[in-house]
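The sequence and the model are shown first.

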Amino acid sequence: MSFRRALWLRLAIVLMAIVLMALVIACGGAPKSSSGEPTAQPVASDPTTAPTTPPDAEPNKTAEEPAADATATAVPSSEDEDSATDPTSDPEPNSREEAVAIEAGATSGSLITDDEDWFLIDVPASGIVTISFSVDASAEPMQLVLHDEDGYEVFSDYDITSKGIEPVNLVMSQATGVEYALRVSGGPGAYTLDVALASQDDAGSGEDAGDTISSATTITAGKTITGMVGNLDSHDLYAIDIEASTVLTLTFAATDDEGGKEVILRDPDEFEIWSAYGVGTKGESFTLILSHADAGTYSIRVGGAKGTYELSVSTASQNDAGSGQDAGDTVALAVPIELGNAYTGLIGDEDTKDFYAFEAEGGDILNVTLTAADDAEGLAISVYDPDEYEMWSEYNIHSGASETFAHVLDASAGGVYYISVGNGKGRYTLDLSSAAQNDADSGGDAGDTFAAAVEVEPDTTYTGQIGGSDQKDVYAVEVEGGSVLSLAFTADEVADALEIAVHEPDEYELWRETKIRAGKTVEYTYVVGNDVGGPYFLTVWSYGDQDTYRFEFTVTSQDDAGSGGDAGDTVGGAVDIAPDAEYAGILGGEDVDDYYRFEPKVGQVLIITGGPGTDELRATVYDGEEYELWSIDGIANGDTAEYEVSEIEGETPYLLRLFSASGATYSIEYLPAE
């Protein structure tokens, strides 16, 4: 291009600029802002930047712009900062970089064709901003778009009429404030922008509750607090110090129509204990039972749908057995209680077991009853001896049910016993009672050795109790040599299978009977030898919990053949018998032989008859020098055997020996010669 042509082109550009300035001045002078103050006007340096859109055209909209009444999309803004400015437009800042910072209150403005206004709203941490926007009745519809600091769209409405918009409410967290950018476009016409700023007051703190353990807001039990969550304040975290042995009750509810709140309770190790989601105005409640070891700082997290809520925490101390605290969960931490009283307690949740300790005397009859309260479920109870060995247990004791442990303590079993209650959840009552044993009217427990046997008298009925740790009772009765000892023993109706035995003075077992069941009576007779008098023993065993029984000894003297005693068990002790008479006798126990002496005559007859209890009786006749003349075995009950003197053999008098190793009763009929 020649120099001359370039010069003419530059002159033409300058003239065009002068003409444009003149037109502006002719149209009313310098433009003013909504506040009435003059604003700076950008100068066009190149006519090629003039807009090509007619003045009455619709404002620019991108393909992505939503329809009217659309809400936040969280999509980055894409403003076209290179579009040309209409020479007739309002020269307000038309980009985010030139936005005007505004404070709380009302701001009025106006738009001309193809105009847009940008504003900055600084919302501090814990703040709440409420934005209202309305359009004059004469104005054309306008658009309002709100962006965050990263350029993401958080709210938009592209068809705002004179009805205005629902106020936009945004909530900040404790940690972060936000500077929002607000773009107004459309019109032309006037509008009013109203901004209200407030601070959160979660739990009366004057700010937002923290959202981490380290920034959690501390609250105390016994108060109802209120708070708000939403937007950048996704959740509130509270910390509360709870003492050991506490019953904690947490109540939570939404206080707005949105509902949809959530609450989570965590222990001092941040382990979730309980949670509820979708909570509305009806609320949720939770009770937590803490043990003696569960003191610490618990946390409560509130989140969910945007809106307000209320939260309360109440606490009460456990009072197991009137201790003012939780009963310990080990033997070492057991709460002391006493027999003869009833106690209440509470178990469940973190409090998994309650231990109690009580003193019991040896020989006591112990009764422990656990009753589950109406709200209880799945309780369990165990009783332990002084060596901490489990004696008894019951499980799954539900609402209103009772279980009783009845146990007889051995005479040597005194000491500290323990009770544990656990497994389920709920309140319970423990009822403890005891009574002293009175075996055979002794005022205590019959001993469990021969040396500690309780002495009893014959011809007297006695009662006794046995079971549990008292598995053995021993009694002694004094019996003279040559006596007949009889025993009648009955297991009472409530007894399990009992076992008994009789021992002689040398503690040798004479007889035993097992599986004596409830209501059954057994009898035993023993013939005491002439030289084995002394204490005879009755031993009773039981492997149940609590059994009762009764017994009676009868001691009578033997009267073999009317002798007033035992027929001798040697030749030297033989009892004399005479013809034309009938005699009776008994064998048994140590008395296995009875000897009788008689003067034989030809034609005499001895008739021996086996009586009750006789199985194997042997009869033998000897001459005076003890040579056997006659013998017969196997005489049983009802059997008879006859010996007739057909001739006199050997020396006289003769001897009749009756022998039984298993015991026998018999009669002798001595017929004279004809």
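In this predicted model, Glu388 lies in the loop between β23 (379-384) and β24 (390-397). Glu388 is not a glycine, yet its phi is positive, at about 65 degrees. With a relative accessibility of 47%, Glu388 counts as partly exposed. Asp580, in the loop between β37 and β38 (581-587), also has a positive phi, near 65 degrees. Asp580 counts as exposed, at 63% relative accessibility. Most residues other than glycine have a negative phi, and most peptide bonds are trans.

| Cis peptide bond | Omega | Loop holding the proline |
|---|---|---|
| Gly187 to Pro188 | about 5 degrees | between β8 (178-186) and β9 (189-199) |
| Thr652 to Pro653 | near 0 degrees | between β43 (640-644) and β44 (654-659) |

Strand β44 also belongs to an open sheet of five strands, in the order β37-β39-β44-β41-β42 and with mixed pairing. Because β37 (575-576) and β42 (628-635) stand at the edges with a single partner strand each, one side of each has no neighbour in the sheet. β37 pairs with β39 (residues 593-598) in the parallel sense, over two bridges, and Val575 stands opposite Tyr596 in β39.

Beyond four places in sequence, the contacts of Gln318 include Ser245, Val247, Ile289 and Leu346.

Note on methods. Residues numbered from 1 in each chain as written. Predicted model: local features only at pLDDT ≥ 70, side-chain atom pairs only at ≥ 80, totals over all residues. Heavy atoms only, no water. Pairing = 2+ DSSP bridges. Helix = DSSP H or I, 4+ residues; strand = E, 2+ residues; numbered from the N terminus. Contact = heavy atoms within 4.5 Å. Buried < 20%, exposed > 50% of the residue type's maximum accessible area, 1.4 Å probe, protein only.
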